[in-house]
Amino acid sequence: MRSIKALMLLTIAFTVIAFSSCKKDNNEDTLATSTITVDIDGTATVFTTNTVALKGELNGREFTSVQGTDKSGNTVSLTINGSVIAGKTYLSNATEIENKSNFLFTTANDVDIYSNDDASVQSITVTSVSANRIEGTFTGIVNTSLFGNGAVKVKSFTNGKFKVAIISK
């Protein structure tokens, strides 16, 4: 009986030591450094609130959505359809859905909703991807032709960059 108690105490001690010496994943730091920056109609805009990448599957197709909110409450969402591959560029006019990109920009309080402008090409280039982080660039024009309030409005996205944590799979 005494040896069983000693073995249990020894097991507990080793377990405590093993878990306390493990490196802790610091997801909060990764999320804190997640940013999307872009010039919208020439104005530098930074998205740092709720800025993440979400991976999922819809109807058997993989997608990754990079999204965030700026200090004014505007939101941006960049979606890559298909597997994310570093060095690959995804275009809104790609013939295969697995290579398509989609943009969505919503002004504060959902006053205007902008999406891909079919007259131009939106592109997302993935420069780096790991199990918990994605980085890349993007550019394109969005408009309110399908959605929105009143006359068609256009927004130009240039010099777009994102460095965000992937929080789900």
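**Confidence, then charge pairs**

I checked confidence first: the protein chain averages a pLDDT of 81, and 77% of the residues score at least 70. pLDDT is the predictor's confidence in each residue, from 0 to 100. This is a predicted model, so local features need pLDDT of at least 70 and side-chain atom pairs 80 or more, while totals for chains, interfaces and linings use all residues. Residues are numbered from 1 along each chain as its sequence is written, and side-chain values use heavy atoms, leaving out hydrogens and water.

Then I looked up salt bridges, meaning a side-chain nitrogen of Lys or Arg within 4 Å of a carboxyl oxygen of Asp or Glu. I got five.

I noted K155 with D41, at 3.9 Å from N to O. K155 is in strand β10 and D41 in the loop between β1 and β2, so this pair ties together parts 114 residues apart in sequence. Strands here are DSSP E runs of at least two residues, numbered from the N terminus. D41 is partly exposed at 43% relative accessible area (buried is under 20%, exposed over 50%, partly exposed in between; 1.4 Å probe, protein chains only).

I also logged E98 with R61, closest N and O atoms 2.6 Å apart. E98 sits in the loop between β5 and β6 and R61 in strand β3, so the pair links parts 37 residues apart in sequence. E98 is partly exposed at 36%, as is R61 at 42%.

Notes: Helix = DSSP H or I, 4+ residues; strand = E, 2+ residues; numbered from the N terminus.
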